[in-house]
Amino acid sequence: MLAASVGVFREGRVLIAERLVEPAKGLFTFPGGRVELGETLAEAALRELMEEVGVEARIAGFIDHVETVVRGPGGEPSFHAVICAFAAHWVAGEPRSSDEIGQTIWARPEDVARWPTTKGLPGIVAKARTLIGAHP
């Protein structure tokens, strides 16, 4: 599966969201999801952001990709995604929960690791913070 996510920055803080569904249920990450046919990666990231948490943002740039493979008890793959992560500036909206998202937090980037996160999220946040600083 091809997916896109977005780290939104507002007043020096980044939005992280708790997943209510598998994979990564109970972990904090960037809002995001599946890229639909005909969408660009950035369009998918912004659509998912609005659908999941009701926030509007402006893309600053591409951060990195994250590959996730979930395996069952016998080692067989049950889920495989390549997630393209973007950094963005907040434009409007206050984050809210949804069917897929529970708690949302405007976290200081250096504090993201305090919460249970998806693999590698603190490093992705650090890269995003650098990108955001270069693109006001």
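Biologist: How many residues sit between β5 and β6 in their hairpin?

Modeller: Five, and Gly 75 in that turn has a positive phi of about 90 degrees. Keep in mind that this is a predicted model.

Biologist: OK. How many bridges join β5 to β6, and do they run parallel or antiparallel?

Modeller: They run antiparallel, with 14 bridges joining them. β5 covers residues 56-71, and β6 covers residues 77-92. To place yourself in the pairing, look at Arg 58: its bridge partner in β6 is His 89.

Biologist: Which strand pairs with β6 in the parallel sense?

Modeller: That's β1, residues 2-10, over eight bridges. Ser 5 stands opposite Ala 85 of β6 there.

Biologist: Let's zoom out. What pattern does the chain follow along the sequence?

Modeller: Reading along, you get β-β-β-β-α-β-β-β-α. That makes two helices and seven strands.

Biologist: And why would you call the overall size in line with a compact globule?

Modeller: Because a compact globule of 136 residues would have a radius of gyration near 14 Å, and the chain has 14 Å, which agrees. The C-alpha trace spans about 45 × 35 × 25 Å along its principal axes.

Biologist: What share of the residues is buried?

Modeller: 42% of the 136 count as buried. As for the accessible surface, it comes to about 7100 Å², with 55% belonging to carbon and sulfur atoms.

Biologist: Last one, charges: how far apart are the mean positions of the positive and negative ones?

Modeller: 6 Å, taking 14 positive and 18 negative charges.

Technical notes
Residues numbered from 1 in each chain as written. Predicted model: local features only at pLDDT ≥ 70, side-chain atom pairs only at ≥ 80, totals over all residues. Heavy atoms only, no water. Helix = DSSP H or I, 4+ residues; strand = E, 2+ residues; numbered from the N terminus. Rg over C-alpha atoms; globule rule 2.2 N^0.38 Å. Buried < 20%, exposed > 50% of the residue type's maximum accessible area, 1.4 Å probe, protein only. Areas by Shrake-Rupley, 256 points an atom, 1.4 Å probe, with all protein chains shown as cover. Lys, Arg positive; Asp, Glu negative; His and termini not counted. Charge placed at Lys NZ, Arg CZ, Asp CG, Glu CD. Pairing = 2+ DSSP bridges.
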